[in-house]
Amino acid sequence: MKTDIGWEVYAPALKSLVETLYDRYTLPVCYITENGACYNMGVDNGEVDDQPRLDYYNDHLGIVADLIGDGFPMKGYFAWSLMDNFEWAYGYKPHFGLVRVEPSSLRRVPKASARWYADVIAQNAIVN
């Protein structure tokens, strides 16, 4: 699977990376920051159905839960990003955020993934 800008999506790589780093080095607690994927769904009837992004976060948070279960000191996971914004290599074209921002009007529309992520945070558990 690939994102809309061609980046490969493979959630198990996150687990492998964390395991390898902790195996090789003495590390403090771990925070996953700026983790996300570009999917360019538009607004349809006032909503953005970005199921691939929601699946991305579900899969990656599942990996983090597995790492915690395996005893790794995972202390935080942060989605990249809250809102669509300027991306250095591609400008305003890719949409990474949980909230869609239209650059011309600055109109903001929370995506399906934003509502799902809010539920995850509120319940401190992955919500399916």
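Q: Which residues form one aromatic cluster with Tyr56?
A: Tyr56, Tyr57, Tyr77 and Tyr117 form one aromatic cluster. This is a predicted model: local features need pLDDT of at least 70, side-chain atom pairs need 80 or more, and totals for chains, interfaces and linings use all residues. Residues are numbered from 1 along each chain as its sequence is written, and side-chain values use heavy atoms, without hydrogens and water.

Q: How many aromatic pairs does a search of the whole structure find?
A: Rings of Phe, Tyr and Trp (its six-membered ring) pair if their centres lie within 6.5 Å. Planes under 30 degrees apart count as stacked, over 60 as edge-to-face, and the rest as tilted. Here the search finds 8 pairs. In one of them, the ring centres of tyrosine 57 and tyrosine 117 are 5.7 Å apart and the planes stand at 45°, so this pair is tilted. The two residues are 60 apart in the chain: tyrosine 57 sits in helix α2 (residues 51-69), tyrosine 117 in helix α3 (residues 112-123). Helices (H or I, at least four residues) and strands (E, at least two) are DSSP runs, numbered from the N terminus.

Q: Is tyrosine 57 buried or exposed?
A: Buried means under 20% relative accessible area, exposed over 50%, and partly exposed in between (1.4 Å probe, protein chains only). Tyrosine 57 has 0%, so it is buried. Tyrosine 117, at 11%, is buried too.

Q: Which residues touch the most other members of the largest nonpolar core?
A: A nonpolar core is a set of buried Ala, Val, Leu, Ile, Met, Phe, Trp, Tyr and Cys residues joined through side-chain atoms within 4.5 Å. The largest one has 26 residues, and Val18, Ile32, Tyr57, Met74, Tyr77, Trp116 and Tyr117 touch the most other members. Helix α2 gives the largest share, 7 residues.

Q: In which sense do β1 and β2 pair?
A: Two strands pair if DSSP finds at least two bridges between them. β1 and β2 run parallel, over 4 bridges. Cysteine 30 stands opposite methionine 74 in β2.

Q: Where is aspartate 84, and what does its side chain reach?
A: Aspartate 84 lies in the loop between β2 and β3 (99-101). Its relative accessibility is 7%, so it counts as buried. A polar contact is a pair of N or O atoms within 3.5 Å; within protein, one must be able to donate a hydrogen and the other to accept it, and residues adjacent in sequence count only if both atoms are side-chain atoms. The side chain of aspartate 84 reaches the backbone nitrogen of phenylalanine 96 at 3.3 Å. It also makes a polar contact with the side chain of lysine 111, at 3.0 Å.
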